[in-house]
Amino acid sequence: MSLLDTIHSPADLKKMDRSDLPRLASEIRARIIDVTSRNGGHLASSLGAVELTLAIHYVFDTPQDKLIWDVGHQSYAHKLITGRSQAFDTLRKPGGISGFPRIGESPFDAFSTGHSSTSISAGLGMAHGKKLAGDPHKVVAVIGDGSMTAGLAYEGLNHAGDSRGNLLVILNDNDMSISPNVGALSSFLSRTFSARYLQDLRAEFGRFLKSLPKIGDDVYQLAKRSEESFKAFVTPGMLFEAFNFDYFGPINGHRLNHLIDILQNIRELKEPVLLHVSTKKGMGYPPAEKNPTFFHGVPPFDIKTGEKKPVSPAPPTYTEIFGKTLCDMAEKNNKIIAVTAAMPEGTGLSPFAEKFEDRFFDVGIAEQHAVTFAAGMSTEGFRPVVAIYSTFLQRAYDQLVHDVCLDGHPVILAIDRGGFVGDDGPTHHGLFDLAFLRTLPGMTIMAPRDEAQLVAMMKTAENTPGPSAIRYPRGTGVGVNVDMDCPALPMGKAEVLRKGSDLTLLALGRPVHEALLAAEILADKGIDARVVDARFLKPLDTSLLREIGMEGKPVITLEEGILASGFGSAVLEFYGDEGILSPLQRLGIPDRFMSHGNPDDLRKACGLDAKSIAETAQLLQKKVAA
Ligand SMILES: Cc1ncc(C[n+]2csc(CCOP(=O)(O)OP(=O)(O)O)c2C)c(N)n1
Ligand SMILES: CC(=O)[C@@H](O)[C@H](O)COP(=O)(O)O
Ligand SMILES: [Mg+2]
């Protein structure tokens, strides 16, 4: 029997002899590698946090002591030792356990995560809640160096230091975000100090102090007396101590005994403490150590070679077409710049970064800054393109309202992962963007039905004088020919793709294809459906909508986004304002969060597949006729 099989909860772990923990760590690594090789998942971060996970659970009394995993993509070992070993095979599978901590999944998941940099704020809230309730238990927040680039993390530190929360923040520093970490702070954290370097620096600093007139010598004596304060002055401790945290580290995050000893000591401190731990992303699996970016969020792979499992040939992804088109546009227009918030690979900007180094900005996990930075750039005559996942754009709503739209700055939002993303689930589905963008005055919003139209929309955005957004799905296009020389679209004009006299299917973005298929099904049943690709959510093609509405025939709107305030709502509002009484039904995402799962299944569950659309159309027609 393996050691892992004997662990049903952290209580079993605590009974183990420390000398057995390294063997358990290897078993956990093997299990994580095995399951992610079949299911895909966040492998490299989870491998890097195995010892840290064991040490925390060995020392603290979870779930009474609360443990929060920032982002949560490193929590696989935590899942394995908190009662989910049996279920681990179902990781990220439909109906299986989530790839992130979920409060509803286990009492050991103290806070649901997925988006970065929330752990310090949430942990501080818990710490103060416990204090008010007289609960002496501890709160531990584990946050990565990449996640420390977001402003939210500093808002939490600032408040924690000031309010003296009983919070332990563990900075899991592997010197990587998904790509190499960026920013001044990152180089500060990863600065290593050799004894020789420290000595030289100390001597130089001493000479400087002594050279100060009058007080210099006294200050020098004072500084010399305290070795620790000198170290704190030049090491990362300086930063965290300025936030009023007690700083420990950096320590090796793979040396279990050492980790446990340190955690046992600092467990007793009842104030804000930051423990800086150095780990290696992908630790224990050579291919992941060598290429942590590929193994950050990896598709199924061959364990022996570390190669992606072969997939049948498929059209290029929207992301690839976006990246290629942007390079093409930037070649001709030197005002185009590209901005990403720590997602150069995911958003397809890597080729741009290589070709146009000066015009590429990776700002780290800082979506709010990315948007306002782009607004600033646009005031200097540039055309910034912020390439961002739909779900992470949610972070930057006020920046869109206040910094971009209020003055109509021509910032282009290239919104990737619009719609269902699949295995990452509710934290990552891009279902709210259409609804929240539509309310912004002056914003042009487009959604392509295929990859060729994405190119045309990018050209349209380039010609648009104000802010614009193009929202496209995760994954492969539909396989149409892409013409890089295609013209821009006429502003706010929809396209009738199929004529029909009985009813209209009015779709935006990806669902256009399902609408066309549904029209075929309806034709077999003797119903003649018109199919319209709206292309623009804003401005709407009001003249075409009016024409269709005046016919008085059923209209069905289709969108892969939340129904509240989305595309269908926009059409409904327009008809309401115009006094048009056509029977209208909206199809999209209902008023609830959607779990992880196969995107096609999720679409079916929302009635967005061709068969369901055809059924809805038939029912609506019957209702109208009755
Ligand atoms: C707000 C937000 N932006 C972007 C991401 C995408 N993302 C997930 S993990 C990650 C890197 C995090 O780096 P770090 O915290 O150092 O953890 P590591 O992957 O190194 O373990 C990024 C950019 C996210 N989850 N949330
Ligand atoms: C944890 C996280 O936020 C990212 O790693 C995300 O899972 C990437 O998603 P894609 O696989 O769609 O790039
Ligand atoms: Mg990191």
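These legends describe an overall view and several close-ups of one predicted model.

Local features are given where pLDDT is at least 70, side-chain atom pairs count only at pLDDT 80 or more, and totals for chains, interfaces and linings use all residues. Residues are numbered from 1 along each chain as its sequence is written, while chains are lettered from A and ligands numbered from 1 in the order in which they are written.

**View 1. The whole protein chain.** The chain holds 26 helices and 17 strands. Both are DSSP runs, numbered from the N terminus: helices are H or I with at least four residues, strands E with at least two. The radius of gyration, taken over C-alpha atoms, is 27 Å, close to the 25 Å that the globule rule gives for 626 residues, so the chain is as compact as a globular protein of that length. That rule is 2.2 Å times the number of residues to the power 0.38. Along its principal axes the C-alpha trace spans about 90 × 65 × 50 Å. Buried residues make up 49% of the 626. A residue is buried if 20 or more other C-beta atoms lie within 10 Å of its own, exposed if 12 or fewer, and partly exposed in between, with C-beta atoms placed from the backbone.

View 2. The shell has 21 residues; Ser-45, Ser-116, Gly-144, Gly-146 and Ser-147 come nearest. A residue is near a molecule or strand if its C-beta atom, placed from the backbone, lies within 6 Å of it. By class, seven are nonpolar, 11 polar and three charged. Nonpolar means Ala, Val, Leu, Ile, Met, Phe, Trp, Tyr, Cys and Pro; charged means Asp, Glu, Lys and Arg; the others, Gly among them, are polar. Domain 1 (4–191 + 235–290) and domain 3 (318–471) both give residues to this shell, so ligand 1 lies between them. The domain bounds come from an automatic or database domain assignment.

**View 3. The surroundings of ligand 2.** Residues around this ligand include His-42, His-73, His-296 and His-428. Arg-417, Asp-424 and Arg-474 are also among them. The shell has three nonpolar, six polar and three charged residues. Domain 1 and domain 3 both contribute to the shell, so ligand 2 lies between them.

**View 4. The five-stranded sheet.** This open sheet runs β12-β14-β13-β16-β17, with mixed pairing. Two strands pair if DSSP finds at least two bridges between them. At the edges stand β12 (495–498) and β17 (584–589), each with a single partner strand, so one side of each is left without a neighbour in the sheet. Strands β16 (residues 555–562) and β17 run parallel, joined by five bridges. Here Ile-556 faces Gln-585 of β17.

**View 5. The seven-stranded sheet.** Its order is β7-β6-β8-β9-β11-β10-β15; the sheet is open and its pairing mixed. The edge strands, β7 (360–362) and β15 (536–538), each pair on one side only. Strand β6 (residues 336–340) is parallel to β8 (residues 383–389), with five bridges between the two. Ala-338 stands opposite Val-385 in β8.

**View 6. Two cis peptide bonds.** One joins Thr-62 and Pro-63, with omega about 5°. Pro-63 sits in the loop between α4 (50–59) and β1 (66–69). Another runs from Gly-249 to Pro-250, with omega near -5°. Pro-250 belongs to strand β4 (residues 246–252).

**View 7. Ser-117 and its positive phi.** Phi of Ser-117 is about 70°, although this residue is not a glycine. Ser-117 lies in the loop between α5 (76–81) and α6 (119–133). It counts as buried, with 25 C-beta neighbours inside 10 Å.
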